Amino acid sequence: MSQETEHVQCLIIGSGPAGYTAAIYAARADLKPVLYTGIVPGGQLTQTTDVENFPGYPEGIMGPEMMEDFRKQAERFGTDIRFGYVTSVDFSGPPHTVVIDENKVITADTVIIATGATAKWLGLESEQKYNGFGVSACAVCDGFFFRNQDVAIVGAGDTAAEEATYLAKLCNKVHMIVRRDEFRASKAMVNRVLNTKNIEIHYESETQEILGNGQTVTGVLIKNKKTGVETTLDVTGFFVAIGHKPNTEIFKGWLDMDETGYLITKPGTPLTNVEGVFASGDVQDKHYRQAITAAGSGCMAALEAERYLAAKEDVVA
Ligand code: NDP
């Protein structure tokens, strides 16, 4: 296998709001960043439709278009944006080594990780078909589109509980589909759900199919696992809140992670346990998971990378 090595000051892995924002700041600080996009250039927002909660777009914007804007802004200041997937890392440096597509070797003084997280889906064909057209994995992002309507949400963890109560404020009725006879969420969150009048919980129920008219969602077919009874819920929105998987597989053994694989950073900073390696966006945030919070943490990562490099230069001088 031919191996070509290149050295960069600042390598950014990932092309969502965190990665591109880090790139904008790093490029403007003259760190000459190289950004690898991963296999979904633009990240999770390229798989959504309208984005109405990102400041600066008073009329809202389509997710893919917004990520194009992010990319153009990063490019405008000289970020070298490349399509490629990181297949392994060696963080025993600095410099740190990152291998792209199994053959290109890059050494980097600083690495900013912004590889994001992937929403888990039920795996139904109809779920994919109506994704962005009534099906969503983010209530905070898309709940507003279902104001005064009836919706359903699947999941029983803290996210599902939090999103169900969020939706209950906007929507007429929220059907909560729980696969066991109990929640996984914390007691406080469950109590909040139980005390919300317009949430109806369907315990021990499985989603069989998301129903639609070819354009948008019109209902959900659920089945009670105990009785076998099938019920159609008339809803226009279907929210999936069954967890996310942080994209951190390649960092195992190098970076500290929690039990579910999220990178652990020093509280309030993007600092990981490895010098010169910073983490930003959803890969280190299972709580907020918003484009704007990811962008903010990308900015923080670039500022820290700049400070780190400046401090190293001071030592050398
Ligand atoms: P979790 O993994 O905690 O919960 C996932 C839920 O989805 C579980 O109830 C699970 O059911 C259910 N589920 C999984 N697969 C399916 C499926 N195929 N069909 C139906 N249901 C399914 O994920 P969360 O996103 O809720 O939370 C992730 C982490 O973030 C947790 O540690 C949580 O505490 C934390 N968090 C904290 C918040 C807070 O404190 N405010 C807010 C949001 C998240 P089952 O229970 O049967 O396994």
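Select Gly157 and the ligand in this predicted model: a backbone N or O atom of Gly157 is placed 3.2 Å from an oxygen atom of the ligand. Next, display the side chain of Thr159, where a polar atom lies 2.6 Å from a ligand oxygen.

Now colour the chain by domain. The domain assignment places 4-118 together with 244-316 in domain 1, and 121-240 in domain 2. The C-alpha centres of domain 1 and domain 2 are 32 Å apart.

Move to the interface of the two domains. Here nine residues of domain 1 are in contact with ten residues of domain 2. About 710 Å² is buried between domain 1 and domain 2, with carbon and sulfur atoms giving 42% of that area. Select Thr49, Glu52 and Gln290 in domain 1: these residues lose the most area to domain 2, together 43% of what the domain 1 side buries. By class, the side of domain 1 touching domain 2 comprises six polar and three charged residues, and no nonpolar ones.

Finally, inspect the pairings across this interface. One residue pair is in polar contact between domain 1 and domain 2, while the number of salt bridges found there is zero.

How values were computed:
Residues numbered from 1 in each chain as written. Predicted model: local features only at pLDDT ≥ 70, side-chain atom pairs only at ≥ 80, totals over all residues. Heavy atoms only, no water. Domains from an automatic or database assignment. Contact = heavy atoms within 4.5 Å. Buried area = accessible area lost by both parts, 1.4 Å probe. Salt bridge = Lys/Arg side-chain N within 4 Å of Asp/Glu carboxyl O. Polar contact = N/O pair within 3.5 Å; in protein donor to acceptor, adjacent residues only side chain to side chain. Nonpolar A, V, L, I, M, F, W, Y, C, P; charged D, E, K, R; others polar.
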